[in-house]
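Dear colleague,

Please find below the structure that I am handing over to you.

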Amino acid sequence: MAVGSPDDVVVTLPRDAVTKATAHFVGQQPLIAPVEAGQQVGRIDIVVDGEVRRSVPVVALEGVPQAGWWGRTVDALTLWWQSLWQR
């Protein structure tokens with residue numbers, strides 16, 4: 001699934017802060033279909049020296065329909081299996 005910002009992202013920083021800037025994606029995990037185009041699925045935080053300078057929404061650029069019964073069954077088993085290993 002393609003995701004992105006609905007608008008251009010512009011952050012103005014002092015020259016010495018540019019090398020200290022990082023971007024962190026914070027998203028919904030797991031993301032469960034159906035997902036509509038334009039639905040917010042997370043955000044990108046622009047961080048400088050541990051301080052969030054800008055937070056930008058991230059949206060689905062295309063829709064993802066819900067899977068059929070077989071696909072949902074496989075996905076449910078996969079999520080269950082992953083949850084066992086994350087404990």
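Val 35 is located in the loop that lies between strands S2 and S3, where helices (H or I, at least four residues) and strands (E, at least two) are DSSP runs, numbered from the N terminus. The model is a predicted one: local features need pLDDT of at least 70 and side-chain atom pairs pLDDT 80 or more, while totals for chains, interfaces and linings use all residues. Residues are numbered from 1 along each chain as its sequence is written, and side-chain values use heavy atoms, with hydrogens and water left out.

Is Val 35 buried or exposed? Val 35 counts as buried because its relative accessibility is 3%; buried means under 20% relative accessible area, exposed over 50%, and partly exposed in between (1.4 Å probe, protein chains only). Apart from neighbours within four places in sequence, Val 35 is in contact (heavy atoms within 4.5 Å) with Met 1, Val 41, Ala 60, Gly 63 and Val 64. From Val 35 to Leu 84 the C-alpha separation is 26 Å, and the two residues are 49 apart in sequence.

Turning to the sheet, four strands form an open, antiparallel arrangement in the order S1-S4-S3-S2; two strands pair if DSSP finds at least two bridges between them. S1 (3-4) and S2 are the edge strands, each pairing on one side only. In general, strands of a sheet pair through backbone hydrogen bonds, either parallel or antiparallel.

S2 (residues 21-27) and S3 (residues 40-48) run antiparallel and are joined by seven bridges, with Gly 27 opposite Gly 42 in S3. Eight bridges connect S3 with S4 (residues 51-60), again in the antiparallel sense. Across this pairing, Ile 44 faces Val 56 in S4, and Asp 45 has Ser 55 of S4 as its bridge partner. S3 and S4 form a hairpin with two residues between them, and Asp 49 in the turn has a positive phi of about 55°.

The whole structure contains three aromatic pairs; rings of Phe, Tyr and Trp (its six-membered ring) pair if their centres lie within 6.5 Å, and planes under 30 degrees apart count as stacked, over 60 as edge-to-face and the rest as tilted. Trp 69 and Trp 70 form an edge-to-face pair, at 5.8 Å centre to centre with 80° between the planes. Trp 69 is exposed, with a relative accessible area of 62%, and Trp 70 is exposed at 57% relative accessibility. The pair of Trp 80 and Trp 81 is tilted, because the ring planes lie at 55°, with the centres 6.3 Å apart. Trp 80 counts as partly exposed at 49% relative accessibility, as does Trp 81 at 48%. Ring pairs link Trp 80, Trp 81 and Trp 85 into a cluster.

Finally, the largest pocket holds about 190 Å³ of space. A pocket here is an open set of points on a 1 Å grid over the protein atoms alone, where a 1.4 Å probe fits, with protein on both sides within 12 Å along at least five of seven lines; lining residues have an atom within 4 Å of a point. Its lining includes Ile 32, Pro 65, Arg 72, Asp 75 and Gln 82.

Yours sincerely

Notes. Points joined across faces, edges and corners; volume = space filled by probe spheres on them.
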